[in-house]
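Me: Please go through this complex with me, in short questions and answers.

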Amino acid sequence: MSALPERSATGGIVLGAILIGVGGLLLGLQVDANGAWCGTGLAPLAIGALLALGAIAVRVGSSTGRMPRDDVGIAAVVAGFFGLTFAIGGALAPGGPWMFFEVLLLVAVVTLRKADARTGRWIAPSALGLLAVFLLFRLWISYQGSQLRWQVMSVDVPVVSWIPFDFLDPVKHVALGSFTPLEMGFPPAGLDFALSTTLWALGFAACVAGMMLVQSSTIEHENDRIHALIRTLPPSVADVVERLLPEDEWRELGLHGLPERRLARRIESAVAERVRRQDALRRALEQSKMLGNSADADGFSADIRRALTGEDPKDGVR
Amino acid sequence: MEKRTIAGLAAAATLVVAAIGARMLPAPRVIVAEDVVEEGPRIVEPMQFLGKGAALRAPELDEWIAAERKPRFKALRDLAFHVADCPETVEWIDSAEGQRLERLLGELRGGTREEAFASLVLVFQLARATTWKPGFLSQAREANAERMASLLADWLRARGESGARDPLLAEPARAAILVYGRLMRTAQQSPRIGENAGSYQRGLKTIEELVGIDSGRRTALGESLQGRHPEALRKLVGDADRLRGFDDEARTLFPDLSGECDG
């Protein structure tokens, strides 16, 4: 038995929000070569906020998205917005054409992508993976910049690069993906690569963990709200309703995010639909029993018949 | 909402505000030491003392030397600025006058900043007045450049880091490390066939320590060097011939420091 009390959905949202705040703080700082602390600038954050806002708008406007219905739900959406804002702002290249290329990709993969109706997660693992790749790219170009190499990579030109004449220097290497210190947003004294990238990596991890926690806790919180409404029914009726509408299906049934009045109507219609289906099934089952005994049949047909009537399989395999 | 939830969300909100505020923290400006104008009497335009026309202003240094060292300084300064026939560096330093000068340089390095500067002026003069570049028939091919470089390395270790923040010594310190790189590259290329890897590695190690590449955190001298001679540092970290940037910059700054007294 665990000594820790069970974490409530609200607790998860609060913890996730705190993680997002800590992550955002770490992603907003860098350390210069003299050991002085300074900010990473507002431009990537502004772009992150814009994309996150777009992502939330698309999800709220989609068929699977709904508005938060209480203070905790609102807090979860705000936390999710800042989580995505900080994660994008921290992972984007700080400036220049690279940043805009990344923005285009993010618009396609994160902003315009609808939430997963089955899981309810509005940030897919693939989007987080893409952000992680962008972060790695940013760390790489920061490393290159901290080594005073202002390109993504330099490729030696075969043969020419082996000739030991200084005048051939300009044609010995081909620089791929060049950038400038200004685009990188480095402090004037240069970047303490090790410390800054540790901060960014930790910040990104905290933001992602916070977002995941907020997302799963928000789903749990919505389920708690629906459960609380069902439990206002007499206990025996509530038990039947919860058997007819299992918790796993509440999101797919579109119960999440509905106001209480509409939620009650939706549950009512879903229950009616399920009962109708059960009745139809029962009638079909009774008809199949009239068609004959499965004991004198063989093969797949007999197995199915036995399964429908709840008999044990002939060979004992269930 | 429970009080605990409200407290938690308030903490998260505070962190978010702090995260946005942190991004606005300005980066500290790099103040170039030599741009600071000092009050009171001072040595103006210190780089003139390291250039070709140093002899014209060298006597001005006498007034900055402590009384107990002044007579020796004047005598040895006079000697250094009148070295004749371009002797080999090692040969001259190993002479009686050379040894006296070397002892004085050690004393001056540990003295006031003006004395430290005066010692650097004498080292530069020695580099200008003696031969440290090997000729075709030279025997001790790398010894002269190595010996001259060691005088600069001693000065840089003693005063380079503090000097980089000093309005008087900042530019001379940069000049000293560039010339040090040039001397060590000369020592590296001294053998008639091949290269002297020992000189190369020694030079690299010293420069890396002085500019802070090794530790991942740049020193004040490295910082100052990056501000004014970024190409030298770029080649130091990213070129196959890592001392070349220092050599090139030193040649540009001091074309008369040829190692053959022909400037």
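Me: What mean pLDDT does chain B have?
Reply: This is a predicted model, in which local features need pLDDT of at least 70, side-chain atom pairs count only at pLDDT 80 or more, and totals for chains, interfaces and linings use all residues. Residues are numbered from 1 along each chain as its sequence is written, while chains are lettered from A and ligands numbered from 1 in the order in which they are written. pLDDT is the predictor's confidence in each residue, from 0 to 100. In chain B 97% of the residues reach 70 or more, and the mean pLDDT is 90.

Me: Which helix supplies the largest share of the side of chain B that touches chain A?
Reply: Residues are in contact if their C-beta atoms, placed from the backbone, lie within 7 Å; the contact takes 39 residues from chain A and 30 residues from chain B. Helices (DSSP runs of H or I, at least four residues, numbered from the N terminus) that each supply at least two residues of this side of chain B are H1 (3-23), H10 (220-228) and H11 (230-238). The largest share, twelve residues, comes from H1(B).

Me: How many nonpolar residues does that side of chain B have?
Reply: Ala, Val, Leu, Ile, Met, Phe, Trp, Tyr, Cys and Pro count as nonpolar, Asp, Glu, Lys and Arg as charged, and the others, Gly among them, as polar. The side of chain B that touches chain A has six charged, five polar and 19 nonpolar residues.

Me: How is H11(B) oriented relative to H12(B)?
Reply: The axes (lines fitted to C-alpha atoms over the stretch in contact, with angles from 0 to 180 degrees between N-to-C directions) of H11(B) and H12(B), residues 244-253, come within 7 Å and cross at roughly 160 degrees. Angles over 145 degrees count as roughly antiparallel, under 35 as roughly parallel, 65 to 115 as roughly perpendicular and the rest as oblique. The crossing angle therefore makes the pair roughly antiparallel.

Me: How many residues of H6(B) are buried?
Reply: H6(B), residues 113-129, reaches 24 Å from its first C-alpha to its last. A residue is buried if 20 or more other C-beta atoms, placed from the backbone, lie within 10 Å of its own. H6(B) is largely enclosed by the rest of the structure, because the buried residues number 14 of the 17.

How values were computed
Two residues are in contact if their C-beta atoms, placed from the backbone, lie within 7 Å. The expected span of a helix is 1.5 Å times one less than its number of residues. A residue is buried if 20 or more other C-beta atoms lie within 10 Å of its own, exposed if 12 or fewer, and partly exposed in between; C-beta atoms are placed from the backbone.
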